[in-house]
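Subject: Aromatic contacts in the structure

Dear colleague,

Please find the structure below for your records. My notes on its aromatic side chains follow.

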Amino acid sequence: MRRFELIAPCHFGMESVLKREIDDLGYDITEVADGRVTFYGDEEALCRANVFLRTAERILIKIGSFHAETFEELFQGTKALPWEEYIPVDGKFWVAKAASVKSKLFSPSDIQRIMKKAMVERMKECYHVNWFEESGKSFPVRVFLMKDEVTVGLDTTGESLHKRGYRKLTAKAPIAENLAAALITLTPWNKDRVLIDPFCGSGTIPIEAAMMAANMAPGMNRSFTAEAWSHIVAKKIWYDTLDEARELVDLSVETDIQGYDIDENMVSIARENAKLAGVEKLIHFQRRGVEQLSCPKKYGFIITNPPYGERLQDKESMAPLYRMIGERYRSLDSWSMYLITAYEQAERDIGRKSDKNRKIYNGMMKTYYYQFMGPKPPRRKG
């Protein structure tokens, strides 16, 4: 088995959640940095990370790293990497994304252009050709520059891992599936406890919770770029990984997961997405405004992504909305509430300071994950 150093990018602020997931899969972590976790693994690890990780954005094979303060150093550093070990002579290769933080080289387009040129020069020498048709499989490359340290990775995933394949229709401001999964993971919720999302939109938080309850791997119904790289990962390893994922699914599990939205069209979309995910029987969706939020059960969870009021015309409605959230939450005996928002007066209007809050970047937007803890349920006898 070949040994790789694999890089798993994630949302800023969610590194510890992803680290725990990788630990649970049984792989050795080498570094936890802002927005990514690096770990060692073989071909099987590459497949299992893509199929099983809920909170990662993609899985990269680390090709190498080096220091570069000038474009000449970037060129030479890139050229020194062993591209021929990964990309065949007919491979289609390009630098799909370049990100730079606190580095002297900061223009993504220039970084991409120079690195592509360096890759071509290296492969010309290795393959003894002057022209690459690039008519074969795709090999997208991603590069991070942090304080002039360049990290280069080959993207095994393709479309981001948040695209599970079930969300064909979305709300206006949907939460990414991998972020929704991370938010749930940050709570003590489990499949035996009631969960309500009173602003469910296209259903992402309830669907991710249902997939967790049913032990359904997030990547089992989608494809990956590296599936075509048979010289790196044998097809059988992909098949074995998917067989493992299917064997773990338990749709007979009993759950009480509910999603509400005031928009009937959104409720229909959420139901359709849940059906595409294969968990429609585990979730109850209905049209209901937050002012109708109630439940007779104790020790439940609200996990939600309410409106933020990003648009100027929406800002006036935020205070009464968050006051209503606080009012309805106080009416629920012994419940916990976990709420992600960019609305800065959330705690004031809810009427309670959160027990914890966590800064999370949802794309480029700074948000806070407010955690209002209810009491723990009594231990069951026996």
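Rings of Phe, Tyr and Trp (its six-membered ring) are taken as a pair if their centres lie within 6.5 Å; planes under 30 degrees apart count as stacked, over 60 as edge-to-face and the rest as tilted. By this criterion the structure holds 10 aromatic pairs.

The model is predicted, so to speak of local features pLDDT of at least 70 is needed and side-chain atom pairs count only at pLDDT 80 or more, while totals for chains, interfaces and linings use all residues. Residues are numbered from 1 along each chain as its sequence is written, and side-chain values use heavy atoms, with hydrogens and water left out.

One of the pairs is F93 with F132, which is edge-to-face, at 6.0 Å centre to centre and 80° between the planes. F93 belongs to strand β5 (residues 92-101) and F132 to the loop between α4 (108-127) and β6 (138-146), so the pair ties together parts that are 39 residues apart in sequence. Helices (H or I, at least four residues) and strands (E, at least two) are DSSP runs, numbered from the N terminus. F93 is buried at 1% relative accessibility, and F132 is buried at 8%; buried means under 20% relative accessible area, exposed over 50%, and partly exposed in between (1.4 Å probe, protein chains only).

Y329 and F372 form a tilted pair, 6.2 Å centre to centre with 55° between the planes. This pair links Y329 in helix α9 (residues 318-330) to F372 in strand β14 (residues 365-372), 43 residues apart. Y329 is buried at 6%, as is F372 at 1%.
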